[in-house]
Amino acid sequence: MMVMRRFEEEAARNYAKGKIGGFLHLYIGQEAIAVAATEVLTEGDYIFQTYRDHGIALARGMSAKAGMAELFGKDTGCSRGFGGSMHFFDVERGFLGGWAIVGGHLALAAGTAFKSKYAGEDSVTVCFFGDGSINIGGFHEAMSLAGLWKLPVVFICENNQYAMGTPLERTSPLKDLSIKAKGYGMVGDRFDGHDVEVVQARIGEAVDRARSGGGPTFIEVLTYRFRGHSMSDPAKYRTTTELEQRKQQDPITVVREKLIGLGVQESALDDIDLEVDEEIDAAVQFAEESEPAREDLMMSTVMAPEGES
Amino acid sequence: MRQLRYREALREAMLEEMERDERVFLMGEEVGHYQGAYKVSEGLLDEFGERRVVDTPIAEAGFAGVGIGAAMAGLRPIIEFMTWNFSFVAFDQIISNAAKVHQMSAGAIQVPIVFRGPNGAAKQVAAQHSHSCAPFYTNIPGLYVIQPSTPRDAKGLLKSAIRSNNPVIFLEGETLYGVKGEVPDEGVEELIPIGESRLVRPGEDCTIVTWGRPYYTVLAAAEKLSAEGIDCEVVDPRTLRPLDTGLMVESVKKTNRCVVVHEHWPYGGPGAEIVDRLQREAFDYLDAPLERVTGLDVPMPYALNLEDKVLPTEERVIDAVKRVAYAS
């Protein structure tokens, strides 16, 4: 969680300096969910995320260097400078992308789950999206097919309360989104996302169910982003009181206090912070010094090479 | 060679490729138990079972996306749209996902998938069911677009499309399904390469480039023109993206005149692209302006007399050829 937090704080600074372009959507405040989910997944599982994708990529094991270099548009980046912030990929680790059309990647996740079932494999797909995705057709069609075919997929709605600048009460007649699961013939669950242990246990149940042939689950995790929708959003649609209240439940503070309660020395946790600082500094330096994205790849990667595959 | 109908040729291509490669499966509305809305997949369910011939609910965006995800994970889906008109609700899946992810992932993810189904006008199915879709899809880097005119091309190109490591838009013709033509004998495998045009009819006086349904209109017009002493050479691009202009440029250099005949609307699209490339690549050889005979620039009306006006006719083709040949 500390790697994600420092990575994104540093990304924000470099965005302000003009080193990073395009859109930059930060995951700050939601980190417990990505950590918890990756803890219960194994090799061969698939993960999809929206454009708010740095956290899950790092949690799955992508190096901060590969992530930062991508933000800087460099050849050493995880997508070699072709994806940017919204399109991180790490295929070796089963991270099949950050996707930037709301609702567009849910059916893809049903597709990798379809493959698992077709091939008789026990792999599971986990698909993240926000509360802003629940009204678009892509959500409905992917959930319909996954439910119908009992695909091994876990749909995780990270409800951070705002679809860009519009609060949930103005986009949904439901307060409890998880009841939608019933309409698709799947199990629904709903819980707070600030305590990593709770999140891990509950996502774990859904992943186990999918892996053992019990079909898909729709989970609503209640969370909060401490920054705006993207770097260009000052988040004027919410009060500072609300933000400060929510920060009381910062998942990093929660886990830190828990660890101290269990007898972990504060100095040990401070040491971790220092290590992370060094890792992120090194990532920025690496990104700065890396070669730019390659022009020759631009034309040659439009189509995949033909021949046996 | 055998005579097969266009739909039978397509079925054989799918059957052979599914027998050859366990990763290939067919998914779409009514492809299984109903035996295909246009009977292209007739018998495949019996042959391969429900695991590999997958009936879907009416949810094009959903099952197009499932196909793309399955392809990303290593399968080779054939996604049937009952007609290409219904692909518009799956447009985002094809454009934003299938066509983009290979480059967006710097080549780490391939999408070997075929989207296929009938394209263009049928008979009196009116404005929402008569779209000729090539212009929409040929504009997109990251896709191959194929539109075969004959049973032989349909079979050979569909087999190549299924074996391709890229997303392929495969535009069949609703009115072509019953057309008969020569197809290599059983046991003779023919893979027609994606991106190669074909010389259909040799001639000296005027080049006609055409594909899809108007292919047959053009061949009939060419016979009539031949009787009047105008000898047309006909070239079928077969694949619209990537576009092979080699044969057509050579042909125009010989005939010095060219008419492009297509069903899609005149504004942009492969028809306009071909004209653009020919005027640049064969400028010094042209003795007349390039002409196009196209579907008229209107939504398709229902009434038969009006539909007949909208689609390219023999008469319009003959008039255009005579104009460029200064024979009218």
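## A buried helix in chain A

Which are the buried residues of α2(A)? In this predicted model, they are A:Glu31, A:Ala32, A:Ile33, A:Ala34, A:Val35, A:Ala36, A:Ala37 and A:Thr38. Helix α2 of chain A covers residues 31–39, and because 8 of its 9 residues are buried, the helix is largely enclosed by the rest of the structure.

## The parallel sheet of chain A

Let's stay with chain A and turn to its strands. An open sheet is built there from 6 strands, in the order β2-β1-β3-β4-β8-β7, with parallel pairing. At the edges sit β2 (95–98) and β7 (187–192) of chain A, each of which pairs on one side only. On average, neighbouring strands of this sheet are turned by 15 degrees against each other, direction ignored.

A:Phe128 has A:Ile156 in β4(A) as its bridge partner.

## Chain B as a whole

Now for chain B, which has 12 helices and 14 strands. Its radius of gyration is 20 Å, close to the 20 Å that the globule rule gives for 328 residues, so chain B is as compact as a globular protein of that length. Taken along the principal axes, the C-alpha atoms of chain B fill a box of roughly 60 × 40 × 40 Å.

Of the 328 residues in chain B, 57% are buried. Looking at contacts in chain B with a separation of 6 or more, 80% are between residues 24 or more positions apart.

## Two domains in chain B

Chain B is divided into domain 1 (2–183) and domain 2 (198–324). The C-alpha centres of these two domains of chain B lie 26 Å apart. Where the domains meet, domain 1 of chain B gives 22 residues to the contact and domain 2 of chain B gives 22 residues.

On the side of domain 1 of chain B that touches domain 2 of chain B, at least two residues each are supplied by α6 (134–138), β6 (144–146) and α7 (151–163) of chain B. By class, that side of domain 1 has 12 nonpolar, 9 polar and 1 charged residues.

## A closer look at B:Tyr144

B:Tyr144 is placed in strand β6 of chain B. Is B:Tyr144 buried or exposed? B:Tyr144 counts as buried, because it has 23 C-beta neighbours inside 10 Å, and the cut-off for a buried residue is 20 or more.

Leaving aside residues up to four places away in sequence, B:Tyr144 touches B:Ser164, B:Asn166, B:Val168, B:Ile169, B:Ile194, B:Thr239 and B:Arg241. B:Tyr144 and B:Pro242 are 98 residues apart in sequence, yet their C-alpha atoms are 6.4 Å apart in space.

## Where the chains meet

How many residues does the contact take from chain B and from chain A? There are 36 residues from chain B and 36 residues from chain A. On the side of chain B that touches chain A, the elements giving two or more residues are α3 (60–72), α4 (91–98) and α5 (101–104) of chain B. The largest share of this side, 10 residues, comes from α3(B).

By class, the side of chain B that touches chain A has 17 nonpolar, 17 polar and 2 charged residues.

Terms used: Residues numbered from 1 in each chain as written. Chains lettered and ligands numbered in written order. Predicted model: local features only at pLDDT ≥ 70, side-chain atom pairs only at ≥ 80, totals over all residues. Contact = placed C-beta atoms within 7 Å. Helix = DSSP H or I, 4+ residues; strand = E, 2+ residues; numbered from the N terminus. Nonpolar A, V, L, I, M, F, W, Y, C, P; charged D, E, K, R; others polar. Domains from an automatic or database assignment. Rg over C-alpha atoms; globule rule 2.2 N^0.38 Å. Buried ≥ 20, exposed ≤ 12 C-beta atoms within 10 Å, placed from the backbone. Pairing = 2+ DSSP bridges. Axes fitted to C-alpha atoms, helices over the stretch in contact; angles between N-to-C directions.
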